[in-house]
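User: I would like a close look at one part of this model. Please keep it brisk and define the terms as you go.
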Amino acid sequence: MPILQLLTSFPTAVPTVLLAVLMIYWLMSIVGIVDLGDALHAHHGHLDGIDAAHGATDLPDLHSLAGYLVALGLGGVPLSVVASVLVFFTWLGTALLHNYVIVYLPLETVRMLCGVAVLLFTAALSIPIAARVIKPMRGLFVKHVARSNSSLVGLECKIVTGKVDPGFGRAEVADSGGGINIRVWASEPNGLRKNSRAIIVAYDETSRQYEVQAAPDSIH
C-alpha cells in the first residue's frame, strides 16, 4: 500500500493525527511558544504546574491520572513525553499490521472491525514498551528543591565565632557534602563560644538571623 494512503486510511489515520498534533507541540516547544515545563509530571502522585483544587469542577481528577501512570510504570517524566512515546509505538504497530494484515482482508466491514481491534491491541501493547523506554529518561527530569531557611530550625549547629550575643554570631550547619554558614544570635548570658554546639530554635525573616541555644548536652 502507498505510504500516503496507509497514513490517511483507517486505522492508521487515528494515531497519525495524534502523532501530527504532538509533532506540532514539540516544534512549538523548540521555538519557545509553549513551555515543556507546563507538562504534567506523574511522579509519586504529584502533578507539577497544575493544582486540581483550582480547576473547574468538571475537570478530570488529575491526581488520579498521575497515580495510574505511576502504576503503569509511566511516571517520573512529563506527560508530553509519555504521550509521545505511547502514540509513536501505537502508530508504528498499527501501521505495520495495517500494511501487512488488514489490507489483505476481503470485506470492508471485516477490515473496519479488525482495524478497531488493531488500535486497541497496539495501544495496550505500547504501554509496557513505553514503560521500558521511559525508565532511563527519569533521571533527566529530577527536580532538586532548594532547602528553605526555616527548614534549618531544630537542627544542630557549631558556633564558629568567638561569642554569640543578640546582635552578632555565626554558626555552621552540617549538610551533605559540606556545611552551611549562617548568621545566629542568642540572648545573654549564654555559654556559647567557638566550637560550641547549639540548637537552632527560630528563624527571623526580617533580620535573616537564626536564634540559637546551647545544645543540652553541651551545658555544664
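In which helix is Val116 found, and what lies around that part of the surface?

Analyst: Val116 is found in helix α5. This is a predicted model, where local features need pLDDT of at least 70, side-chain atom pairs count only at pLDDT 80 or more, and totals for chains, interfaces and linings use all residues. Residues are numbered from 1 along each chain as its sequence is written, and side-chain values use heavy atoms, with hydrogens and water left out.

Helices here are DSSP runs of H or I with at least four residues; strands are runs of E with at least two; both are numbered from the N terminus.

Val116 counts as partly exposed because its relative accessibility is 42%. Buried means under 20% relative accessible area, exposed means over 50%, and partly exposed is in between (1.4 Å probe, protein chains only).

Val116 belongs to a nonpolar surface patch with Phe10, Val14, Leu18, Met112 and Leu120. Together they have about 510 Å² of accessible area. Such areas come from the Shrake-Rupley method with a 1.4 Å probe; for residues, only the protein chains shown count as cover. Patch residues have over 30% relative accessible area and no salt bridge; nonpolar side chains (Val, Leu, Ile, Met, Phe, Trp, Tyr) are joined within 5 Å, like charges within 9 Å. A salt bridge puts a side-chain nitrogen of Lys or Arg within 4 Å of a carboxyl oxygen of Asp or Glu.

Two helices, α2 (13-31) and α5 (108-134), each supply at least two patch residues. Helix α5 gives the most, with 3 residues.

Now the wider setting. The protein chain has 5 helices and 5 strands, in the order α-α-α-α-α-β-β-β-β-β. Of its 220 residues, 31% are buried.
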